[in-house]
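Hello,

Here is the structure I promised to hand over. Please open it first, then read my notes below.

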Amino acid sequence: MNEKQTYSKDVVVELKNGLHLSPSVQIVQTAQGFRAKLAIHKGDRVVDGKSMLDLMTLAAEHGTRLRLEATGDDAQAALDAIGALFDRNFVIDGVSADRVLVD
Amino acid sequence: MKLSEFVVRESILTDLKLETKEQAIRAMVESLCQHGGIPGADQESIISAILKREELGSTGIGRGVAVPHTKHPSVDRLVATVAISRTGVEFASLDGEDVHILFLLVSPPERPGDHLRALENISRHLRNDNFCNFLQQAVSAQAVIDLLEEADNNQL
């Protein structure tokens, strides 16, 4: 496989409280399970999706459009896994990441 | 949003000598309530909300930093305090390391944007190694305040 292969996917932050700490942890921990690099673009800004401090500087509120960009030999799998977090709105075991902040 | 605007100066704790997450959070909330205009009657409720949040996942985000937080109706604007621990607090952090720098945030229930911007601000400065190193070496609240102001003014 081509190690430079890059895949991208556009997602929208549907969380009422935006991309706060708890969903950011889910992204970083999921991304760290892959060898691929994960860049997350918000407009002209780009951060490392494997770094908590980087990710939290996005301050992506509800409704923000982000571009996920994975590069590496398992990029497609990484992108699918991160994309799935957004698709299910960061719900784990029936608990929304938003509840973590609200409670 | 500037660090020096939402961190309650008088509540800053340097040389925190507590080992557990609960002890550290309790000391920080007590100091924030005492100096941040939060009714003492709300103190226990804030402490338990923050501890409950920690049970759902540690806010120890790695690199020796933790950002315990909650929303609470006792505040009408976001307030925060800072604590520095030279010995380290066991926080079940993402990277397994003890925590030396703690930012504790209490935000109003209906202002998620403010919470995000505060996290953004804190994270942006914590990416700066100078800020982290100087903060860990700060021996007085005034030294921490000076650092927060320098960070706000991009002087680090």
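Start inside chain B, with two helices. In α2(B), Lys21(B), Glu22(B), Ile25(B), Arg26(B), Val29(B), Glu30(B) and Cys33(B) make contact with α3(B). Their partners in α3(B) are Gln43(B), Glu44(B), Ile46(B), Ile47(B), Ile50(B), Leu51(B) and Glu54(B). By class, the residues of this contact are seven nonpolar, one polar and six charged. Bear in mind that this is a predicted model.

Now the geometry of the pair. Helix α2 of chain B covers residues 21–35, and helix α3 of chain B covers residues 43–55. Their axes come within 10 Å and cross at roughly 140°. The crossing of α2(B) and α3(B) is right-handed.

Next, the interface between the chains. Chain B and chain A bury about 2,000 Å² between them. Carbon and sulfur atoms account for 69% of that area. Lys71(B), Leu116(B) and Arg127(B) supply 28% of what chain B buries against chain A, more than any other three residues. Chain B puts 24 residues into the contact, and chain A puts in 21 residues.

The side chains of Glu61(A) and Arg117(B) form a salt bridge, at 2.8 Å from N to O.

Which elements of chain B give two or more residues to the side that touches chain A? They are α3, β3 (69–71) and α4 (112–126). The largest share, 10 residues, comes from α4(B). That side of chain B has nine nonpolar, seven polar and eight charged residues.

Best wishes

Conventions
Residues are numbered from 1 along each chain as its sequence is written. Chains are lettered from A and ligands numbered from 1 in the order in which they are written. This is a predicted model: local features need pLDDT of at least 70, side-chain atom pairs count only at pLDDT 80 or more; totals for chains, interfaces and linings use all residues. Side-chain values use heavy atoms; hydrogens and water are left out. Axes are lines fitted to C-alpha atoms, for helices over the stretch in contact, and angles run from 0 to 180 degrees between N-to-C directions. Helices (H or I, at least four residues) and strands (E, at least two) are DSSP runs, numbered from the N terminus. A crossing is left-handed if the near helix is turned anticlockwise from the far one by less than a right angle, and right-handed if clockwise. Contact means heavy atoms within 4.5 Å. Ala, Val, Leu, Ile, Met, Phe, Trp, Tyr, Cys and Pro count as nonpolar, Asp, Glu, Lys and Arg as charged, and the others, Gly among them, as polar. Buried area is the accessible area (1.4 Å probe) that two parts lose on being put together, summed over both. A salt bridge is a side-chain nitrogen of Lys or Arg within 4 Å of a carboxyl oxygen of Asp or Glu.
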